[in-house]
Every structure is written in structure tokens, then in C-alpha cells.
Amino acid sequence: MSVLSDRDIIRELGKSILFHPLKPGSINACDLCLTASEYAYAIGQQKRLAIETEPKKDKPGEEQQFFYIPPRDTALVWTDESIWLNNYMCGLINSRVGLVSQGLGHLGTRVNPSWSGVLCIALHNVSNEPLRINVRDINEPIAYLMVQKLSSQSSKNGNIDIPARLDILNNLPNTNEIYAFFSKRKNKWMSDDKIQLKTLLLESHEYKKLKRGFSDIFLRILGSDEQTRWTAIAAIGTILSAFFAVLPLLMEKK
């Protein structure tokens, strides 16, 4: 099992990893940032947490949404991002030190192979003060997702959990608004529609920008001149052809 670096994540995006919406800064050195959506439910108060707004400090013309987790309460927070992993991948969700230092209980959970949908993360406010959580704030994510590649393929080819973990809300009051949001056809990419999720990712500006930047690195390695690049590609092809030609002979000697 190995942890994927930022380059590995970019390489796997659109293939074995789907992640939407991608934001500038979503991908760190070895993990993905998970931000809060506007949907959060307080277990103790048994209701959806109210969303407040204020002007952004760096962009006064835009508004920042946020909510407060009540003191000594646990909030179920659905991520703004939806993710799908194939059955060669799994994920670990880790806490942010900044939030933990303010009174958020340490969290640690996993994302199973073949998971598809947004994540429901339980945030525990162990302090005696309300804890503010910004919505869709890449500078203040609620957690980090570390993606790992398994040493062998998982036997599970489908999501073994309820999409978006809405089953946690069973028998709890004041949940109709949350169920209604995730059940809308246009929001199926947030729960169980992998095809819609992939389409949204591939068509997004940030995905195209990342992939273009990744291919530019490869082209720079080959050289700045187009003819030089084609010569380098031809040389690589010749080397690979020669390698595969002698491979059977090497196998026979063994």
C-alpha cells in the first residue's frame, strides 16, 4: 500500500479518482482538501444548523457563508466535494490541527474502495464555545483526504455504504430538507451517479488546467522544439520496442 503524491493524484484524476468540484488549492502535497457544504446537522439540537453570511475580508464584494457547531455538540457535516475511488484505492480522513486546537475533537475515518458520493464527517465540538465552520473555504477545510493505492484489488466492486451516509439520519427529526436536497436529480452526482460526477469533473476549468499543466511538464522534459519532441518520442518508442523484443528471450533463460 502506498500514499499518492500530488502528481499521482493529478495523474489518476478522471480515471481511478473522481473529485468534484475541484478548487484552486484542492490538491496538497499528498492529500485532497475537504470543505464544508451548507448542509450540517447538530445531533444534540436535532436540527440543521443555520447558515450565516458576511462579506469576505479579502473580497468585500463577495459573501462568505458559515455556521456554528454548538458547544458540547456533534455536527454531521456533508462535504462540498464528492469523490469516487476505484477498487484499487482507499482513503484516510485526517483532522486539521487548526480546528482541533480551537476545540474540535480529533477525527479519523476511512473512505472505502468503490465509494461514490459526498462524505458525511462528524465534527465534535468539545469546547464550551460555539465553533465556526466556513462553507466552501479552501483556506479553511474541515479535513484532509489522503488517498492510498492498495497492494491488490479489493473484492468490493460497489459502494458498501449508503451514499452520503444519509442512513445516519434515520429516526432523527427535522431532516426532510437534507433528504430533499440530495434526492434532487441534478444533485445525484453528490450521492450515487458516478457518470454525472465524471462528466462534471472532466468539463471543469480547474481539471483542464491541472491536466494541461501536467502535460506541459512532460513536454518540457522532451524539449521546447517540436521536432526535438518528436525525435525524443521516437527514440523512446524504439527503446521500448527493443525491450519487449528481447523480453521473451530473457524469460526463457530464467
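Student: Why is Tyr39 called buried?

Tutor: In this predicted model, Tyr39 has a relative accessible area of 10%.

Student: What makes Phe181 count as buried?

Tutor: The relative accessibility of Phe181 is 16%. That value also falls under the 20% limit, so Phe181 is classed as buried.

Student: Why is the pair of Tyr39 and Phe181 called stacked?

Tutor: The ring centres are 4.2 Å apart, and the planes stand at 25 degrees. Rings pair if their centres lie within 6.5 Å, and planes under 30 degrees apart count as stacked; the pair is therefore stacked. Tyr39 belongs to strand 4 and Phe181 to helix 3, so this pair ties together parts that are 142 residues apart in sequence.

Student: What makes the pair of Phe181 and Phe182 edge-to-face?

Tutor: Here the distance is 5.2 Å centre to centre, with 75 degrees between the planes. Planes over 60 degrees apart count as edge-to-face, and the centres are within the 6.5 Å limit, so the term applies. Phe181 and Phe182 also belong to one aromatic cluster with Tyr39 and Trp78. In the whole structure, a search finds five aromatic pairs.

Student: Which residues of helix 3 are buried, and how do you know that they lie on the same side?

Tutor: In helix 3 (residues 176-183), the buried residues are Ile178, Phe181 and Phe182. They cover an arc of only 90 degrees around the axis, which places them on the same side of helix 3. Their cover includes strand 4 (36-42), strand 8 and strand 11 (116-125).

Student: What shows that both faces of strand 2 are covered?

Tutor: Ile17 and Phe19 on one side of strand 2 (residues 17-20) are buried, as are Leu18 and His20 on the other. Strand 2 runs antiparallel to strand 8, to which four bridges join it. Opposite Phe19 stands Ile83 in strand 8.

Student: Why are strand 6 and strand 12 called edge strands of their sheet?

Tutor: Three strands form an open, antiparallel sheet in the order 6-7-12. Strand 6 (52-55) and strand 12 (131-134) each have a single partner strand, so one side of each is left without a neighbour in the sheet. Neighbouring strands are turned by 40 degrees against each other on average, direction ignored.

Student: How do you know that strand 6 and strand 7 pair?

Tutor: Four bridges connect strand 6 with strand 7 (residues 63-69) in the antiparallel sense. The bridge partner of Thr53 in strand 7 is Gln65.

Note on methods. Residues are numbered from 1 along each chain as its sequence is written. This is a predicted model: local features need pLDDT of at least 70, side-chain atom pairs count only at pLDDT 80 or more; totals for chains, interfaces and linings use all residues. Side-chain values use heavy atoms; hydrogens and water are left out. Two strands pair if DSSP finds at least two bridges between them. Helices (H or I, at least four residues) and strands (E, at least two) are DSSP runs, numbered from the N terminus. Axes are lines fitted to C-alpha atoms, for helices over the stretch in contact, and angles run from 0 to 180 degrees between N-to-C directions. Buried means under 20% relative accessible area, exposed over 50%, partly exposed in between (1.4 Å probe, protein chains only). The arc is that of the directions from the helix axis to the C-beta atoms. Contact means heavy atoms within 4.5 Å. Rings of Phe, Tyr and Trp (its six-membered ring) pair if their centres lie within 6.5 Å; planes under 30 degrees apart count as stacked, over 60 as edge-to-face and the rest as tilted.
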